[in-house]
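Open the model in your viewer and keep the selection tool ready. The stops below run from one residue to the next.

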Amino acid sequence: MSTDLLAGFVAQRVARAAGKAERVRRPPLGVARLLMRHAGPVLGTPGRTEAMDARLELAPLLGAVGSLGTAATVLHSAGAPLALLHRHASSMLRARVLDGALAGAHSVAVAYPRAGEAPCILRPSTGPLLAVDGRVACVAGVPGADWLVVPVQVEGGAGIDGLVVVRASSPHVLVDRVHTVGLHAAALGDVTLQDCPVARWQVLGSAAARSLPAVTADERLLMASAMVAAMEGALTRTLVFVGGRLFAPGQVLGDQQVVRHRLADLMADHDVTDAYVREVAAERVHGPVAPHRAAGVALVACAALRRVAEGCMQLLGARGFMDEHPVTRTYRDAVTLPLLPLLDPDTLARDAAQALFGSAPPVAARRRTPDAHELGAMAGSVALGAALEASAVMHAADSDAGDGAGAMDAAAGFGRVERELAFAGDIAWRAP
Amino acid sequence: MSVFPAHPDTRPAASEAHLPAPFARGAAHLAFRERVARFVATEILPHADAWDREERLPRALFAAAGRAGLLGLAVPREQGGAGMDYSYAVALAEELMRHRVAGAVNLMVQSNCVCPLMARHAGPDLADALRALAQGDAVGALGSTEPGGGSALPHTLATTAVRDGDDWVIDGEKAYITNAPMADWVLVLARTSAGAGPLTMSLIAVPVDAPGFVRGPQHRKLGLGGSPTGSLRLERCRVPARYTLGRPGYGYPQMSALLCQERLLIAAGAVAYARSLVKEAAADPANAADPARRAALASAHARLDAGRAYAHAAAARVCEGDTDAAACAMAKYALGDLAQDVAAECLRLRGPGAARTEGGMEAVLRDVRALTVFGGTSETMREMYGGRLAGAMRRATLQMEGHPS
């Protein structure tokens, strides 16, 4: 889909849908799916430079619509979930999930982890099935999504060990809609998984977990681009207002030095953020950006959006306090964005800090000797780890993409798991 | 149009193709930055503390800078300079400022103000002076600010120059002039025709040995001790009229065009200054281990990255011949304010010990206040940028007339 067609689609279909979505407080998933049907071949094939090009063109168009909830919904639909599935899904997962998402038949959401929150736990269940338990707060794209990509930790492990894909309508998945002051057109929900069964084909594996930072980086960059466009919209409206609003006979608000200076500060905020986003976007077109770069961009954009929205509201006076005013909506969206794990300030700061400090500080290790029960649990978790690695091996062999590197990683990981299994002295499961 | 010539060696390296050319850090740019770093390490750092304490800057530094090819960036090679484009001026500003050294401002004034103005506007009678300035054999200063005003010169400028035969006779006083205590040439802005307004002033190159030129006392400042500034008086100072730069009456627009670009350099330098503080703070194990401090420094680092991106994008447009005065003003105040905020954060992380003279940060406490003052105060810059917004407001209102906002 060419840029002109994208722009036309956004201006006509998305803008109309956004208005309704804001009023009824439901995400415009229909228009997101419509976009995938028309632009799926361009937007839904991550790994091609053109795909990121197209999404980087789409993001500011969506931001300019004036509903960041809509922007988040549409960008997410065409972004991270498809990237993860495209790179790591087995043929069965592709057939059941990815192909439908690319055709706009259903939608997929990613439950991003947030710094300081415990990830969902993957454990053995009955027979060949695994099960996942846990809770993820403020997942964007639910309710409404058909499938969820959930980062999981193997029981007893540390960090994110892999990703699993679960059906959102499963009776083991409870979604509570989160009502917020802003982002009304975004589906936000707290997701609770209770003994949710996971078959092997639903496991994306540890290679997918290693892809998560890069995919997250892309999403952050796209949202930053949308935020810059939203800032520009708010500033334009404010410029018009202070340029036309009479303050005294023959004088408008904008004639006051304090107003001009305030507006100048807000424009500076926008201009500097815009330059930063453009620089990193230009970098992305030529290849992946470092996660800390994208985190830095998102950190700056979120803060600037909040300052600009607040400043514009202030300059609008009473109008800025009217709920239905577009600038007021931008303000409400701006203060709500940090609820998203993708844009959580603590998570962004942690990731951005890697630019200065390298990797995150190590988690303190336990020092005492594990008892027999713990050894058994560890053996079980090691077995699960082996399951994840083996799934990755199977998927790599099975996948059309043939992620050879992922298979090698999985084989190396399996070798490590084998050694750990021997140490634990209790082999609960051994891969063929 | 940039006062800096176009330079051919600014092709980006393939791996840097995403950066705004010519800021792609190709081999030529990297080599230049290394040259500046070597110059700072050998010629400045060993003496910086002493110069700061003694509030002096030796002329020999200018000679060394000239030999290193750092003063005549904007001067064509055939006139004794390096013939480099504006991107190298930005690189020079960043490299000098990130070391937080005495003399950075003084060298920048000569390299970014005096030499470019002379290169672009001086006649053949000043060719030797230009060559000497570009090669560091002479020191130059820009004399525009007066005790009575600096921001609204078209209305407040009191220094006058009256034709007497083939000479100008200049009367007036200048203050806060960087390099004034040791200058050999001062580019003086004087009113040369009646009335007020931007086209009543001329820039005149005044040699300090001209009759009637009186060098005033060096200013004692809060900070930047190693960056001498001073005052000067012109008491019926007689200077050949052929020492006028460019067309008589056009001194203010000539200087303004140059000052726009200088403001952007100060903005880029301010960001580099603050980045050096952040990197030092990040190297402190106490900061690296504390999550809140890590987050604060990460946020500061990201904001400075954004500032640098803006400065480079604006500078790239200058290289293409598009100098946006309002954007340069905005960069100056926004990035200067940002640098001060970040410096304050880094000083806060250092704790009360930052104020101790042996701590190494005490000079920052004093020096950083200048970032929002020299080159035009933040308030003046806001007014310049705000003035453009006023025009934008009127245009936007006219377009929207009849439509509710």
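This is a predicted model. Start in chain B and select Thr244(B). Thr244(B) sits in strand E8, residues 244-245 of chain B. Is Thr244(B) buried or exposed? Its relative accessibility is 10%, so Thr244(B) counts as buried, the cut-off being under 20%. Now show the contacts of Thr244(B). Beyond its neighbours within four places in sequence, Thr244(B) is in contact with His121(B), Trp168(B), Ser202(B), Leu203(B) and Ile204(B). With Trp168(B) there is a polar contact, side chain to side chain, at 2.7 Å.

Stay on Trp168(B) and look at its ring. The charged end of Arg163(B) sits over that ring, 5.5 Å from the centre.

Next, select Thr229(B). Thr229(B) belongs to strand E7, residues 229-240 of chain B. Thr229(B) has a relative accessible area of 9% and is therefore buried. Leaving out residues up to four places away in sequence, Thr229(B) touches Tyr176(B), Ile177(B), Thr178(B), Pro181(B), Gln218(B), His219(B) and Lys221(B). For a sense of scale, draw a distance from Thr229(B) to Arg350(B). The C-alpha atoms are 30 Å apart, and the two residues are 121 apart in sequence.

Tyr176(B) is part of strand E3, residues 167-178 of chain B. Check the backbone. Tyr176(B) is not a glycine, yet its phi is positive, near 60°. Its relative accessibility is 56%, so Tyr176(B) counts as exposed.

Move to helix H3 of chain B, residues 59-67. Which residues of H3 are buried? They are Leu61(B), Phe62(B), Ala63(B), Ala64(B), Ala65(B) and Gly66(B). Now colour what covers them. The cover includes four helices of chain B: H1 (27-44), H2 (48-54), H5 (104-121) and H6 (127-134). Step past the end of H3(B) to Gly69(B), where phi is positive, near 75°.

Zoom out to chain B as a whole. Chain B has 13 helices and 8 strands. Of its 405 residues, 57% are buried. Among contacts with a separation of 6 or more, 75% join residues 24 or more positions apart. The accessible surface of chain B is about 15800 Å², and carbon and sulfur atoms hold 53% of that.

Switch to chain A. Here there are 14 helices and 10 strands. Buried residues make up 57% of the 432 in chain A. Contacts between residues 24 or more positions apart account for 72% of those with a separation of 6 or more. The accessible surface of chain A is about 17400 Å², with 56% from carbon and sulfur atoms.

Pick Trp147(A) and Trp201(A), an edge-to-face pair with 6.4 Å centre to centre and 70° between the planes. The pair links distant parts of the chain, 54 residues apart. Trp147(A) is in strand E4 (residues 147-154), while Trp201(A) is in the loop between strand E7 (188-198) and strand E8 (203-204) of chain A. Both tryptophans are buried.

Now take helix H6 of chain A, residues 91-102. Its buried residues are Leu93(A), Arg94(A), Val97(A), Leu98(A), Gly100(A) and Ala101(A). After H6(A) comes Gly104(A), with a positive phi near 75°.

Select Cys138(A) in strand E3 of chain A. Its phi is positive, about 55°, although Cys138(A) is not a glycine. Cys138(A) counts as buried because its relative accessibility is 7%. Then find Pro143(A), in the loop between strand E3 (130-140) and E4 of chain A. A cis peptide bond joins Val142(A) to Pro143(A), with omega about -10°.

Finish with the nonpolar cores. Which members of the largest core touch the most others? Among its 191 residues, they are Leu204(A) and Phe39(B). Helix H7 of chain A (residues 205-244) gives this core its largest share, 19 residues. A second, separate core has 48 residues, including Val114(B), Ala141(B), Leu189(B) and Ala190(B).

Technical notes:
Residues numbered from 1 in each chain as written. Chains lettered and ligands numbered in written order. Predicted model: local features only at pLDDT ≥ 70, side-chain atom pairs only at ≥ 80, totals over all residues. Heavy atoms only, no water. Helix = DSSP H or I, 4+ residues; strand = E, 2+ residues; numbered from the N terminus. Buried < 20%, exposed > 50% of the residue type's maximum accessible area, 1.4 Å probe, protein only. Contact = heavy atoms within 4.5 Å. Areas by Shrake-Rupley, 256 points an atom, 1.4 Å probe, with all protein chains shown as cover. Polar contact = N/O pair within 3.5 Å; in protein donor to acceptor, adjacent residues only side chain to side chain. Phe/Tyr/Trp six-rings, centres within 6.5 Å; stacked < 30°, edge-to-face > 60°. Lys NZ or Arg CZ within 6 Å of the ring centre and 35° of its normal. Core = buried A, V, L, I, M, F, W, Y, C linked by side-chain atoms within 4.5 Å.
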